[in-house]
Amino acid sequence: MSISFFAKFIDDQSNTNEPEIEEQKPMKTDQYPDPAPVFPQIVTNAVSKLKNRLQEEYERTYPELGDLVRIVLDEEEAKAWELSFPHLFLPDLVEAHIAQLGLQPADMRYDRFAASAGFSTDQNDQLIPAYADC
């Protein structure tokens, strides 16, 4: 019986290495089995940040009416919380309330003074110099 050394080595199943199975790590979503307690906090934070941003924008637009802007924001935030997604409805509610008040933004209030004596306006309301270079 002449079995070669290599044939004996190939047939020997005791020398096989089984790959090690890595420990399975849970997915990040598996770490929080119930997202229900987290969602209200996320929405509350979103509404708070949105309200602050809206307040800054409207106070820039209506600089002398900061108190009125805060009152409008508070009223509309209360209405928004009665709806399903307050962070989605708040900007529209505030915009509609401001429109109802008929306020004019600060930059529009002084439009009648925009064209000074050295300038005239063309048909497109663009300022053009009233002098000519020769």
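Visitor: Is the crossing of α2 and α4 left-handed or right-handed?
Guide: The model is a predicted one. In it, α2 and α4 pack with their axes 9 Å apart, at an angle of about 25°. Angles under 35 degrees count as roughly parallel, so α2 is roughly parallel to α4. The crossing of these two helices is right-handed.

Visitor: How many nonpolar residues does the contact of α2 with α4 have?
Guide: On the α2 side the contact is made by V43, A46, V47, L50, K51, L54 and Y58, and on the α4 side by P86, H87, L90, P91, V94, E95 and I98. By class, 1 of the residues in this contact is polar and 2 are charged, while the nonpolar ones number 11.

Visitor: Are α2 and α3 roughly parallel or roughly antiparallel?
Guide: The axes of α2 and α3 are 10 Å apart, and the helices pack at an angle of about 150°. Angles over 145 degrees count as roughly antiparallel. The arrangement of α2 relative to α3 is therefore roughly antiparallel.

Visitor: How many charged residues are in the contact of α2 with α3?
Guide: α2 passes α3 in a right-handed crossing. There V43, T44, V47, K51, L54, Q55, Y58 and E59 of α2 meet G66, V69, R70, L73, D74, E77 and W81 of α3. The contact divides into 7 nonpolar and 3 polar residues, and the charged ones number 5.

Visitor: Is K51 buried or exposed?
Guide: K51 lies in helix α2, residues 38-61. Beyond its neighbours within four places in sequence, K51 is in contact with L73, D74, E77 and L90. Its relative accessible area is 16%, and the cut-off for the buried class is under 20%. K51 is therefore buried.

Visitor: Which term describes how α3 and α4 lie to each other?
Guide: Helix α3 covers residues 66-81 and helix α4 residues 86-101; their axes are 9 Å apart and they pack at an angle of about 135°. Over 145 degrees would count as roughly antiparallel, and 65 to 115 as roughly perpendicular. The pair α3 and α4 is therefore oblique.

Visitor: How many charged residues does the contact of α3 with α4 include?
Guide: The crossing of α3 and α4 is right-handed. Among the residues making the contact are L73, E77 and W81 of α3 and L90, V94 and I98 of α4. Of the residues in this contact, 11 are nonpolar and 1 is polar, and the number of charged ones is 4.

Visitor: Which arrangement do the rings of Y58 and Y62 adopt?
Guide: The count of aromatic pairs comes to 1. In that pair the ring centres of Y58 and Y62 are 6.4 Å apart and the planes are at 5°. Both Y58 and Y62 are buried. Planes under 30 degrees apart count as stacked, so the pair Y58 and Y62 is stacked.

Visitor: What distance separates the C-alpha atoms of P63 and A106?
Guide: P63 sits in the loop between α2 and α3. With 47% relative accessibility, P63 counts as partly exposed. P63 and A106 are 43 residues apart along the chain, and their C-alpha atoms are separated by 7.1 Å.

Visitor: Which pattern does the chain follow along the sequence?
Guide: The chain has 5 helices and 2 strands. Buried residues make up 16% of its 134 residues. Read along the sequence, the pattern is α-α-α-α-α-β-β.

How values were computed: Residues numbered from 1 in each chain as written. Predicted model: local features only at pLDDT ≥ 70, side-chain atom pairs only at ≥ 80, totals over all residues. Heavy atoms only, no water. Helix = DSSP H or I, 4+ residues; strand = E, 2+ residues; numbered from the N terminus. Buried < 20%, exposed > 50% of the residue type's maximum accessible area, 1.4 Å probe, protein only. Contact = heavy atoms within 4.5 Å. Axes fitted to C-alpha atoms, helices over the stretch in contact; angles between N-to-C directions. Left-handed = near helix turned anticlockwise from the far one by under 90°. Nonpolar A, V, L, I, M, F, W, Y, C, P; charged D, E, K, R; others polar. Phe/Tyr/Trp six-rings, centres within 6.5 Å; stacked < 30°, edge-to-face > 60°.
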